[in-house]
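Here are my notes on the model, as numbered points. Please read them with the coordinates open.

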Amino acid sequence: MSDDHIEDTLRARLHEAIDPRVQGHAAEERVLAAAMRPAGRFGFRVGPRIGAAIAAATVVLVVGGALGVSLALRRGTSNNGHPAPAATAPVIAPSFSPSVFPTATPSPTPSPSLEGIQPCAAGVLTARLHDQDGAAGTLGGDIALRNGGRVACTLEGYVNLHGVIDGRVVQLGVTHSAGGPLLNNNNGTLPTVRLVTLQPGQNAYVAFENSDVPNGPTPCASTQTLLITPPQGGRAVSLAGMPLTLCGGFHASLWIDIAPVSSTPYYGTGTA
Amino acid sequence: MTATIDQHLDERSMSFEAELRPLLGVALRLATAMRLERNDAEDAVQEAALRAWRRRQNRRPGTNLRPWFLAIVANQCRETRRARWASVLRFADPPEGAAALAADSAGSVDISRALRRLPHDIRLAVVLRFYLDLSFEEVAATSGCSLEAARSRVRRGLTALAATLIASEERS
């Protein structure tokens, strides 16, 4: 192997290994929003994970404190006036169920809610395939996400997608509006991120595009079930009975390109 | 007066944001290559952007923003360690690591492991040179070392990875 060949191979291997993990434009916007807002510029910024940890710790303290008070009240002065023993809050792992799968990818900086309307949790959402289009190896469609709750909620940005392949949950090679032939067919204008407010019973749509033709060295795989994590993270909504063959594309294996959540379907509306 | 100060700050902020925005894509790629985990990478770039904003006055006039900012990102990646709080949250993370590795080809898994084993400075030089395709001058500027040191680090990294690459080529 010559030096040039080694260098070329290294370049190819690095792209193959790293590109599927790189976040898209939405991450860039989150970085800017987090770093450039006044609290970040001039004050102490709490990172997304630390913030979540503080929130978890707060829950532990509150629950622990409440249990402690409760125990103390139940026991009266049985401890001879000594403080009640601190309760140890158990670490509760997410539970698995067929319809709601714990694939939390918390969005590092969730957008603020609109006038108190909370982001849609997976528990109130149901998913179905709204429409499908495409030919010659490139396929596309819309996934409809329905608010089955009793109050309005919001969705903003990109969902994350896992597939169930051979019984295993696999992160798909999700790209964000990478400009494939179908999603980029709207007069060259790619879909943009907008805040979508979903009233009870209303749908929002995630347009997607994938290739079922082998492309490059990565093998294709088929999935019957998609796990859709809402943009703000948390659990995922299951969409079963949706056969998809996913091949490589845009430097990603198991490539699937998605548009941001939209209030209108992309396919079947004359835009594609 | 307050309005004037606010307006001035807003203008400076927008100007800095406009300079920074085109670099975020390459910064995320660098951080992902260094951390090999997408949430860690985004955290690192966020912190780096914040540091860059705070240190923007330290940048010499005329200095190219790209290597200056990428150097901050690289330092942030080195300093980022999984703290106790982060490990508390690990159980809630998606099965991304294992699943992504399972989805990768054997070659990319090998190179990821080999990269992890490299010392930070060598890994940074390899990533800058062969993943971001920077010139040796830019590798040196971003790494904060001389041109000769940059060449030496790239060479050492290539030597260290060569065995892995040859083995993966032979398999395929």
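1. Start with the rings. Across all chains, a search of the whole structure returns zero aromatic pairs. Bear in mind that this is a predicted model.

2. The charged end of B:R29 lies over the ring of B:Y131, 4.7 Å from its centre. B:R129 places its charged end over the ring of B:F136, at 4.2 Å from the ring centre.

3. B:F136 also belongs to helix 9 of chain B, residues 136-143, and is buried there. B:G144 follows helix 9 of chain B and has a positive phi, near 70 degrees.

4. Next, helix 1 of chain A, residues 3-18.

5. Which residues of helix 1 of chain A are buried? They are A:I6, A:T9, A:L10, A:R13, A:L14, A:H15, A:E16, A:A17 and A:I18. Note that A:R13, A:H15 and A:E16 are on that list.

6. Last, a loop residue. A:T225 sits between strand 10 (221-223) and strand 11 (226-229) of chain A. Is A:T225 buried or exposed? Its relative accessible area is 18%. The cut-off for buried is under 20%, so A:T225 counts as buried.

7. What does A:T225 touch, leaving aside neighbours within four places in sequence? Its contacts are A:H162, A:G163 and A:V164, together with A:S238, A:L239, A:A240 and A:M242.

Note on methods: Residues numbered from 1 in each chain as written. Chains lettered and ligands numbered in written order. Predicted model: local features only at pLDDT ≥ 70, side-chain atom pairs only at ≥ 80, totals over all residues. Heavy atoms only, no water. Buried < 20%, exposed > 50% of the residue type's maximum accessible area, 1.4 Å probe, protein only. Helix = DSSP H or I, 4+ residues; strand = E, 2+ residues; numbered from the N terminus. Contact = heavy atoms within 4.5 Å. Phe/Tyr/Trp six-rings, centres within 6.5 Å; stacked < 30°, edge-to-face > 60°. Lys NZ or Arg CZ within 6 Å of the ring centre and 35° of its normal.
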